[in-house]
Amino acid sequence: MYKRSSLLAACLLLGVLTLAQASLAPAQSASDPMTDGILAFRSGEYAQAVSFFESALAANPDNAEAHFLLARIFWETPLRDVKRAGNELEKAIAIEPDNVQYLVASLQQNKADASNFITEKIRESKRRRLAQTILELDPDNSFAHEEMGSSYIRDFWRYRNALMYPALTFNEYKYRGSTTIDPMAGYLVDDINEFDRSQGNLESEPLDTELIGAVEANYDPNSIFMADEFDVETLKRQGIPVMDLSSRAQKAYDKAISHLGKALEADPRQRSVYDHLMEIYALKGEYEEAMSMLSQMYVFFPEDSELWTYLGFTHYNLGNMDAASKSFETAFKYMTPEERQAYDGLDIILPRDEKKAYEADRAAYASRFWTSKDPRYLTPYNERKMEHYVRLTYADLLYGAPDLDLRGWNTERGAILVRYGPPQGDVVIIPRSTSGVRQGVAPVGGTQSDPTGSVGLALEVGRRGSEMDLAEEANTFNIWDYGEFKFVFEDPFRNGEYRLYSPSASEIADGSLPWANDYTIKAKETFLETPERYEYEAPGRQVELPYMVSSFRGQNGQTDLIVNYGIPITENLNEGQDVINITANTGTFVVAGNRDMLVERRNVIYGLRTEQIVPFIDTQLWINTVEAEVPPGKHEVSVEFETAGGGTVAVQRREVDIHDFSGDRLAMSDILLAYRIEDTIDGKPVIPSDVVRRNLSIQPAPWSVFGVDQPIYLYFEVYNLELDEGGSARYDIEAKLTPKRDGNAVGRAVGRLLGRDTEGVSVRLPITVQDESDGQFLILSAENQEPGLYLLSVRIRDTVSGNTVDMEQDLFLDEPLSSAQN
């Protein structure tokens, strides 16, 4: 179930208590307006109930209960009148100021969404004072503890990554020529310190206002001339004065946890408290604590879908992938159709050019999409899909607004979080005052009655009227940096509802560059170029897994695909050792451009045969091969390896272009590099991992690396040769191994002095066969070559037709293998 607002829950609870108490009261005469009003209220006759309670007040204006019940009617029912509900409740409290029930109702009323930051700040301050008063009267009141806890969560949000720039105005270009530190910064610091003292919420060291003057000489304001106003890293390098407020976050966190814990002790069925705790645990990354809290939530809400999404989120961040996968699957059982659609849908992350195909068959396309995005096919779960679930849960925790029926992933920040995950950098910027309103005005936090300064600011707005730019005065900025791109959000009403920043017309007139600073436009461009991003990090020890892909003509228009890979071996081999005792899982997968799975080969290896190991200078590789038939086109090939238990993991994936050999023009296969090629044994491979082509047993190379003293085998096939009148095909082969010219003339001269041929190696030979296709192999010797990067090229010239075809690839010559063995 989607979490109910705490306001509704509390009002229902209070209503049950009030009406139950009324029903248990001693029977009164039928003409008693209070009894008649309560009965009308219970039966849904709200207008009649209002009339009865007003009659009761006419007889006794100090009837606090009548005022309270009127407040309930005008707050909860179709007769909703927020202003009158508030007035009636204030009258009830004025008559009975120590009535906890009335105070709690006022607390809930003040949680209503505010239209601007002034109203919200006033309500926030009032709620905190109410909660403190309630706790003085009832130290175990769960509603008051919840309010105090949620208020400290707001403090944690404010301080955890907040920076104050007392010298800069981020939404104007006036600071470019500024030579003075804004005196407003001192007031801002005083505000924070006074707010802490007046509320007793953070026993931290006060911020030092002298820092403001101290930093004035440490930067040159004329050097701050950037197209992008929000380049925080450049500002740091420029030496711009900054105050870091994040150290205060830990104290806010501790107090939030303390109050929320007491709220659960008082009432473990207070559902919204679990949401608050999960929010701050997620923000802080305290996943072990979250798991402990969720075990208690399970006792009271075992069929709550959010319990299970929270468990999935927490298990995932703890690395318990199996448990995370099962938790999300359980959550789906309890979700509403709307929630399930949000978790199943691809609307946020799908590239625009794929949406038409997605809408044609959403379920089938989603299945192919997630299959193609799975970073490890060997595991029983899809890590990318789970990451999507985790991001949705996180976005809803941080940015959801239950009172507005707004899910987190439907907000701007939430949708971006779902696309790209948490940013690498997340900074809240508090710039200096742009209006100067607080200069000469009483300190914002200077009084107990106006601890946030909202009332003073409101009075100043009223005094100055249209001259007062409230948005500029209030605005703060949240910068999300993802490395290659970033997003800037603004909170013009200081109510926590951030939106993408776009400069106003006046800011553009002052010099702000829209192309650099309009993040509504820049976000759309980023979404088009990069619809989503995910970088997989495998658990355990990660190793590189070199592999090469070669394509040859197959049957019925298909292409024969050969994937040969090498597993690094660190174990020293004993003489005569036949097998390395390792149990491992391997997999080779090919995914088409339309996201269909074309090849899925899984294998469990019980021991690595040493005859498949090839030594190199710095390593040794166990060579294995997978063969398959695939249609031509651009595909993605993934090769995976993991030891039993997942202690060592290797995942390699890249896009390859599989050739189409179905035409009738002269064609050539890929060059298949190999360490050994010899005749088959009765048509069978010499060792099981060899590739057999045209009665040759080939041990393919998983990478293009050879020692200079190591023979270089290369196998290829030629198709569509033209036959002469005698039925013969004749063609010439020219193979060259030439150094890449990235060295200098001196190096090449030294190589010649040492007797090395710096011009490379070449081989020419004519071939005659009685078929339109053929397969050949060559052996190149590079003993006189320098180590380095080379280009291997093979040209086939059909001497009957005169047509030619070429194939080439890079090859690296390493130091002699004999030097490593010695």
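**Figure 1. Overall content of the predicted model.** The protein has 28 helices and 26 strands. The model is predicted. The protein has 822 residues, and 52% of them count as buried. Consider the contacts with a separation of 6 or more: residues 24 or more positions apart account for 68% of these.

Figure 2. H12 covers residues 249-266, which makes 18 residues. From first C-alpha to last, H12 reaches 26 Å. That is close to the 26 Å expected at 1.5 Å a residue. Buried in H12 are Ala 249, Ala 252, Tyr 253, Ala 256, His 259, Leu 260, Ala 263 and Leu 264. Looking down the axis of H12, these buried residues fall within an arc of 140°, so they line one face of the helix. An α-helix has 3.6 residues a turn, so residues three or four places apart point the same way.

**Figure 3. Packing of helix H6 against helix H8.** Two packed helices are described by the angle between their axes and the distance between the axes. Here H6 (residues 100-109) and H8 (residues 142-159) pack at about 35°. Their axes are 10 Å apart. The crossing of H6 past H8 is left-handed. H6 brings Val 104, Leu 107 and Gln 108 to the contact. H8 brings Phe 143, Ala 144 and Glu 147. By type, the residues of this contact divide into four nonpolar, one polar and one charged.

Figure 4. Trp 157 counts as buried because its relative accessibility is 18%, under the 20% cut-off. Leaving out residues up to four places away in sequence, Trp 157 touches Glu 279, Leu 283, Leu 398, Tyr 399 and Arg 413.

Figure 5. Arg 693 is found in E18. This arginine, Arg 693, is buried, with a relative accessible area of 11%. Neighbours within four places in sequence are left aside in what follows. Arg 693 is in contact with Phe 552, Arg 553, Asp 560 and Ile 562, among others. Its contacts also include Ile 698, Tyr 715, Glu 717 and Tyr 719. The view also takes in Thr 680, 13 residues from Arg 693 along the chain. The C-alpha atoms of Arg 693 and Thr 680 are separated by 9.3 Å.

Figure 6. Most residues other than glycine have a negative phi. Arg 694 has a positive phi, near 50°. Arg 694 sits in the loop between strand E18 (691-693) and strand E19 (696-700). Phi of Asn 720 is also positive, near 65°. Asn 720 sits in the loop between strand E21 (712-719) and strand E22 (729-739). Accessibility separates the two residues. Arg 694 counts as partly exposed, at 40% relative accessibility, whereas Asn 720 is buried, with a relative accessible area of 18%.

How values were computed. Residues are numbered from 1 along each chain as its sequence is written. This is a predicted model: local features need pLDDT of at least 70, side-chain atom pairs count only at pLDDT 80 or more; totals for chains, interfaces and linings use all residues. Side-chain values use heavy atoms; hydrogens and water are left out. Helices (H or I, at least four residues) and strands (E, at least two) are DSSP runs, numbered from the N terminus. The expected span of a helix is 1.5 Å times one less than its number of residues. Buried means under 20% relative accessible area, exposed over 50%, partly exposed in between (1.4 Å probe, protein chains only). The arc is that of the directions from the helix axis to the C-beta atoms. Axes are lines fitted to C-alpha atoms, for helices over the stretch in contact, and angles run from 0 to 180 degrees between N-to-C directions. A crossing is left-handed if the near helix is turned anticlockwise from the far one by less than a right angle, and right-handed if clockwise. Contact means heavy atoms within 4.5 Å. Ala, Val, Leu, Ile, Met, Phe, Trp, Tyr, Cys and Pro count as nonpolar, Asp, Glu, Lys and Arg as charged, and the others, Gly among them, as polar.
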